[in-house]
Amino acid sequence: MWKVTEQDLESIAIGAGILGTGGGGNPYVGMLRARQMIREFGPVKVLSSDELNSDDRIICVGGIGAPTVGIEKMRDKQAYYAMRAIEDYTGLKATALVSNEIGGSNSLEPLIPAAISGLPVVDADGMGRAFPQYHLKTYFVYGAPYAPLALADEKGNTMIIPEAISAHWVERMARAVTIQMGCVACYATTPMNAEQIRNTAVLDTLTLAKDLGDAVKRAREQHEDPIAGILDTHPGKVLFQGKIVDLERRTTQGFARGKVTIEGIGGYADDHMEIEFQNENLIASISGDLVCIVPDLICIVDTERAEPITTELLRYGFRVTVLGFPAPDLWTTPEGLAVAGPRAFGYEVDYTPIVI
Amino acid sequence: MRIGIDVGGTNTDAVLLDGDVLVAQTKQPTTADVTSGILSALKAVLERKPETASVEAVMLGTTHFTNALLEHKQLSQAATLRLCLPATTLLPPLIDWPDELRTAIGGYTYLVHGGHEFDGREISPLDEEEIRKAAKDMRNNGVRGVAVSGVFSPVDTSHEERAGAIIREESPGLNVTLSSEIGRVGILERENAATLNACLVDVAERTINAIRNAISSLGLDAPLFLSQNDGTLMDAEFAASYPVFTIASGPTNSMRGAAFLSGVLDGIVVDIGGTSTDGGALVSGFPREASVAVNVGGVRTNFRMPDVFSIALGGGSIVQIDPLQIGPGSVGYRLVEEGLVFGGNVLTTTDMAVVAGLADIGNSGLAGGIGKSLAEAVISEIQTRIENVVDQLKLNAAPVPVILVGGGNILVKDSLAGASDVLRPEYAGVANAIGAAIAQVGGQVEKVYSLSDVSREEALASARQEATDKAVGAGADPATVEIVEVEEVPLAYLPSNAVRVRIKAVGNLANL
């Protein structure tokens, strides 16, 4: 057990930016919101999955909508309202909360209802990275219930999706309602039990995000290499180092798709890396050879400060380092790859794990 | 003829321009009261004015209001009224401000009903009585400036406009700033910028009046304009209401001046001073704007600031030999006393440029102990750093013209990797004052359109028209107005096809 204090939030935000693999939105507003709630209600307890009891009921909460809307109509306590709504509907009181997505601003969302209600959060999430849609979670791949689901806006409107034929259908319906709600809704899932968390969640990821952020901050303060700090914290490797020389973008169906080309510097001087992204970075290749494929993590950070760069902020001339990390094991099974492997994103290639 | 003045931290520069011809230039020390420095500079250039010619306008760039914010001096009591309820209550206005600055301006904040959704629906209707109550409370608290910020006011400005009118009705004399007139999407940053403006209105009015008096005391009957950070001008009356637009007008004027002096409209300007180098990109003769939040006095803002990339390298940067290190320490303006070639005992980049044969200043004999190969190694490292600045500012790999200004330009050779051409315009020393004197005004629009209601073409046409109208409203000759920037960004994770459009129109000042 540990406690998230105001001082930890900046570290979590940096770590969540790295694990966001280019997506998940900017965590600045989320960080301020969590800070405000921790200032008001006190630090939030974090439980590891083995500290859960058999009668614990854990609700997963997350934000749904558009990051650009969230920096204008900033979220309030929607996740808390959604949590209360699903409790009322199911008649089950939550004893803890858990994150849906450790990558980007969603990593901080459970801290807000947790601070308000005094409940702990579980050190886990349903992705171990960032993905753009509701159904792309390990929870649902391995049988945790994707419905009933509660959605809430900031005005006092809530909605329950009692039943659906798949998690993907929940995503479609929830997205349509979210637009009506003004695009910054939050959702809360049916409570999971301890066993479901242990079997379906990517574990210890809040700690991982904090440790990554701490390593980056410590290296910056001591004028050491923050990228080495990241790799000492979490096994992975430098895939490439260079300068962004080309950027192609197109937006279809609300997804920012594109390709970024990086020209090698130093030991990579004679090569080019290409990364295909759809909100998140999905496929990286060096001079035509695939070197990292979704669900493995492809993270672009600035070479000097290791500041994570989201896909919307990529720009010509940036000096970047591309890091690759193995996907959580839950994603690399046939069931996992069917949901979040390269073919699920329209790439006709087979997943081959990153070699580190 | 026109007079351009740049009030910097050290010098107040002035130029007298006849059309495109530089008639006179001067450098005078900046004074604490600002106006005496301006008076001396004005007098100096007016002495060179032909008897028959008349001065049609005075254009001024100043860092005075930026300094007021940085030093927390002369700031007015300010309030921020957010139109949002029942949304965005968790993070109230001024949430991430430095405590001292918030205390210095009083920090009164009000949340009331109103504001819009991303697609233009109302979050809730305005409650006029609630706004009147807030306005009374502001008056009772001695507030002088009010920032009004509505959720999604870049989509629909009507609530901010109505709330502003109610405040003026209820508490006449309060100076109202609407956030939609200042910044873009991103409520905290836009609201912050509007509040910074609100706390500057008194100092702006006093300073601008003093400068106007100084101008008329010399018998000049010419209108006064102030430089904005986007490279256009605002008249003195508008400037008194929108002082925040002068922030960062220094680098902007330097870039605009460099464009004018070199004739290059699209390229990279590198201003190499004594301590630091500032680079910026010119797009159609205007500085490219920063796309991320810019920090002003510890406050995050998102209004149209120039995209400047700076490194700690200049003509006064100190060079250490073993191990070789260039900067970040600098002798700054004391270069002419402390540099080796000027008889001092500090080894600087300028000494290296002299030994390497790039410059002929001071007494090269005084730096005789430095080997030529060492000097060339240092110059080569400087070259690499400047090339990196240029590269960071480019949007693609194609070579672009590079314009060097600032005294430190002697550190750089005549060719740079990534540059199609390296230009060093004459009179680069007064580029800022020349940049101020370029008589153009503009209008800018940034809005979010939902393409389920209008077509993309209709949305763009409507934004173009609005930007053009704003430019004409600011004093542009309608015949000369052109669109200089169009940016269109679709909103991600939103399958309803909403798009953010930013358009800027610029024209020449009418009647000039």
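A charge is taken to sit over a ring if NZ of Lys or CZ of Arg is within 6 Å of the ring centre and within 35 degrees of the ring normal. By that rule R172(A) lies over the face of W169(A), at 4.7 Å from the ring centre, and the charged end of K210(A) sits over the ring of W2(A), 5.6 Å from its centre. This is a predicted model, in which local features need pLDDT of at least 70 and side-chain atom pairs count only at pLDDT 80 or more, while totals for chains, interfaces and linings use all residues. Residues are numbered from 1 along each chain as its sequence is written, chains are lettered from A and ligands numbered from 1 in the order in which they are written, and side-chain values use heavy atoms, with hydrogens and water left out.

**Aromatic pairs in chain A**

- Rings of Phe, Tyr and Trp (its six-membered ring) pair if their centres lie within 6.5 Å, and planes under 30 degrees apart count as stacked, over 60 as edge-to-face and the rest as tilted; the structure holds eleven such pairs over all chains.
- F131(A) and F345(A) are stacked, with 5.8 Å from centre to centre and 20° between the planes, and they link parts of the chain that are 214 residues apart.
- F131(A) is buried at a relative accessible area of 3%, and F345(A) is buried at 13%, where buried means under 20% relative accessible area, exposed over 50% and partly exposed in between (1.4 Å probe, protein chains only).
- Y134(A) and Y187(A) form an edge-to-face pair, 5.0 Å centre to centre with 90° between the planes; Y134(A) lies in the loop between β6 and α6 of chain A and Y187(A) in strand β9 (residues 184-189) of chain A, so the pair ties together parts that are 53 residues apart in sequence.

**Strands and a helix in chain B**

- Helices (H or I, at least four residues) and strands (E, at least two) are DSSP runs numbered from the N terminus, and two strands pair if DSSP finds at least two bridges between them.
- Four strands of chain B form an open sheet in the order β6-β5-β7-β8, with parallel pairing; β6 (108-113) and β8 (175-178) each have a single partner strand, so one side of each is left without a neighbour in the sheet.
- Six bridges join strand β5 (residues 78-85) of chain B to β6(B), and the bridge partner of L85(B) in β6(B) is H113(B).
- Strand β21 (residues 440-450) of chain B has eleven of its eleven residues buried, and eleven bridges join β21(B) to the antiparallel strand β23 (residues 498-508) of chain B, where V445(B) stands opposite I503(B).

**Salt bridges**

- R82(B) forms a salt bridge with E191(B), the closest N and O atoms being 2.8 Å apart; R82(B) lies in strand β5 of chain B and E191(B) in helix α6 (residues 187-198) of chain B, so the pair ties together parts that are 109 residues apart in sequence.

Notes: Salt bridge = Lys/Arg side-chain N within 4 Å of Asp/Glu carboxyl O.
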